[in-house]
Structures are given as structure tokens and as C-alpha cells.
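Look at the sequence and the model first.

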Amino acid sequence: MSEPRAHAFDESLISGYLDGALTQQERQRVELHLAACGACTELFAELCELRSAARDTAFRIPSDEQWREAPRGPASRSLRWAGWVMLLAWAAGSGAFGLWHLAASSGPLWEKLAVFGGLSGGGLLLLSVLLDRLHALEGDRYRRVLK
Amino acid sequence: MMVSVPMIVPSPASAPPATAGDGDLVRRCRAGDREAADALARRHRRGAYLLALQLLGDPDDALDAAQDSLLRLFQTLDRYDDSQPLRPWLFSIVRNRCRDLLRRRNVRRSEPLDGDEQHWRPELVDPAADPHRDVERRQVRRHLWRALADLPAEHREILVLREYQDLSYEEIAAVLRIPKGTVMSRLHRARKQLALRVRDLLGPTASAGEEP
């Protein structure tokens with residue numbers, strides 16, 4: 001196999017031949033070549049042997065008990081998204097109402113600051129979580145698998 | 001005659017239902033059918049696990065990778081074109097997951113043959129009735145498995161997909177995201193490397209075996 005081959009034969013066709021991935025014309029070309037080239041015939045036989053060995057190898061597989069529960073399906077993901085939308089709508093509505101109420105009330109300044117601070121803090125926390133999720137989604141290399 | 005080993009035979013519970021195709025199951029999954037999701041997971045988890053085992057070498061890592069990959073499959077199901085075969089899509093996820101694991105741990109594919117053989121070593125089953133031939137073939141398989149571990153990831157992946165998973169060139173191209181025309185040449189280079197390494201491993205024994 002290590003001897004030099006003084007011919008313009010694309011050796012990778014041998015793999016195509018082994019895999020049945022060639023056209024009839026290419027197959028004939030390989031067959032003619034194999035009939036004339038001892039090194040390639042030897043290589044072909046060796047590759048056949050390795051393929052046979054690979055396909056004869058069986059592997060132990062985990063039992064049913066070793067698998068975790070079934071993966072989360074689209075239904076629960078839809079519920080999660082619906083939950084996020086409702087939470088955001090509620091936060092926006094409550095925040096707007098709180099601010100409107102705060103502006104319209106004649107209460108002391110500390111009460112206005114306390115309500116404003118609480119609402120702003122909650123809003124910022126929510127925003128930071130959302131930004132993290134968006135950032136993770138952008139970096140998700142599986143997001144466009146095969147597309 | 002094939003030696004039957006109970007551990008390697010898929011249990012009836014893990015056998016894929018013969019009725020529904022992947023496309024049908026996927027459509028039902030999208031509509032929120034839990035049974036369809038379970039059937040889809042059961043149908044494909046064995047293939048996902050074996051691919052991960054062949055790429056990673058370690059059974060525990062392989063189980064983790066397969067389970068994570070199935071989770072990813074369900075998370076990306078809305079982006080999957082159900083007119084296409086599902087297996088390349090899933091295998092692409094498994095392959096990416098395995099690559100991530102290897103990169104993160106900065107380790108090469110481990111070798112389970114020297115590890116917990118009682119439970120996890122690849123079971124070598126031989127159809128040959130001749131015991132001498134059986135031993136010989138067993139040795140080839142063992143060395144093949146070892147040689148695979150030493151190959152660069154690019155070659156190992158394509159060999160596993162073709163020789164162990166029996167994917168077509170089109171499916172391999174889809175999993176590896178390479179042109180179909182590249183598959184044959186890369187596969188051939190990988191096969192030659194593998195043959196060389198197996199020959200190195202078999203060398204002295206093979207020569208001795210040829211003695212009268």
C-alpha cells in the first residue's frame with residue numbers, strides 16, 4: 001500500500017466504491033483499477049475488514065431506568081413564554097398605575113420615594129434577567145442547527 | 001451465529017413504535033402531545049447515546065450528552081423542517097454537544113476498555129463460529145476502538161457516522177455541515193489513518209498469527 005502509484009486515479013473513489021456511493025461509470029473505473037493495482041486492492045480489502053469489524057461491534061446501552069424523565073416538550077415551553085408575557089404585562093400595568101397614583105397623590109415625599117424606589121428596583125431586576133436571557137439566546141450555537 | 005447478549009438488545013420499551021413516522025411525531029409534539037414526545041425520545045435516545053459514546057468514549061459522559069442533546073432537540077423542534085429526516089438534525093446536536101464537552105474538559109476521548117468492563121465496555125459480539133477467527137476479529141474490533149480514540153476529531157466524527165452509525169453521505173454532510181462532495185475524500189483520508197493505526201496496533205500479533 002505504501003508503494004508509489006504512478007497513475008492519475010482518485011484514491012478516494014475506493015471509499016465511494018466501498019460505500020456504494022458511485023455512479024455506474026465510476027464503479028467500472030474503480031473495478032478496472034482494482035484489477036490492475038495490487039496496492040489499491042490491498043487497501044480496499046483492509047478497509048472492508050475495518051468496516052466489517054466496526055459493524056460487528058455492539059455496545060451496551062443504558063437501561064430505561066438510567067434515563068431521566070422525558071425532555072421538556074414544546075407545550076411547557078409555550079406555557080413558560082405565556083407566563084413571561086403575562087408577567088411583563090402585569091409589571092408594566094402595575095408600574096404605570098403605581099407611578100400615576102404616586103404623581104396624583106398628596107402624600108409625603110418619603111412615601112413617594114419608597115414606592116418609586118421599589119418599582120424601579122423591581123423593574124431593573126426584571127430587565128436584567130430579560131437581557132441575560134436574550135444574551136444567552138444570541139450565543140446559543142444550537143439555535144440555528146442545520147439552518 | 002450471532003451471540004445474543006441481553007444487555008445490548010433494546011428492551012421492548014425502548015423499541016420505536018412502528019406506526020408513526022418522525023414527521024408525524026414531531027407535528028404531534030408541536031401540538032403539545034406528551035405521548036408523542038415520549039415516543040420520539042424513546043425512538044432516538046439509543047442512537048444519540050451510541051453516537052455520544054463513540055465520540056466521547058466514556059459511558060457516563062455519553063449518557064449526559066445524549067440526554068442534553070434530546071433536551072436540545074425538543075427545544076429546537078419548532079425550527080426543524082419536518083419534511084427532512086430527523087436523525088441528522090439530532091446527530092448534529094449530539095456532535096456539537098460532544099465537541100463542547102471535550103473542549104470544556106480539555107480532554108481527549110477516553111478509553112473505557114480499561115475501565116469498568118463489567119458494565120460498560122463495548123460488548124464485542126462475533127458472528128463467526130470458528131473460535132480462532134472469533135478471537136482474531138475480537139482483537140481487530142478492540143484495536144479499531146482504540147485506534148479511533150487517537151484520531152483527530154474531524155476524522156473520528158466522520159468515521160463514526162459512516163462506519164458505526166451507517167449514515168449516508170447526504171446525512172453525514174448535513175450533520176457535519178460540509179459539502180456532500182467533501183464527504184468521500186475526508187472519509188477516505190480518515191479510513192486510511194485508521195487503517196494505519198490499527199495495523200500498528202495489530203502488527204506484532206498479526207505477524208505472529210501468520211506463523212504456521
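## Basis

This is a predicted model, in which local features need pLDDT of at least 70, side-chain atom pairs count only at pLDDT 80 or more, and totals for chains, interfaces and linings use all residues. Residues are numbered from 1 along each chain as its sequence is written, while chains are lettered from A and ligands numbered from 1 in the order in which they are written.

## Chain A

Chain A has 5 helices and 0 strands (DSSP runs numbered from the N terminus: helices are H or I with at least four residues, strands E with at least two). Of its 147 residues, 14% count as buried (20 or more other C-beta atoms within 10 Å of the residue's own; exposed means 12 or fewer, partly exposed in between; C-beta atoms are placed from the backbone).

## Helix α3 of chain A

Helix α3 of chain A covers residues 38-56. In this helix A:C40, A:L43, A:L47, A:L50, A:A53 and A:A54 are buried. They lie on the same side of α3(A) because they cover an arc of only 145 degrees around the axis (the arc of the directions from the helix axis to the C-beta atoms). On the other side, A:G38, A:A45, A:C48 and A:R55 are exposed.

## The largest nonpolar core

The largest nonpolar core has 66 residues (a set of buried Ala, Val, Leu, Ile, Met, Phe, Trp, Tyr and Cys residues joined through C-beta atoms within 7 Å). Its largest share, 13 residues, comes from helix α2 (residues 34-56) of chain B.

Technical notes: Expected span 1.5 Å × (residues − 1).
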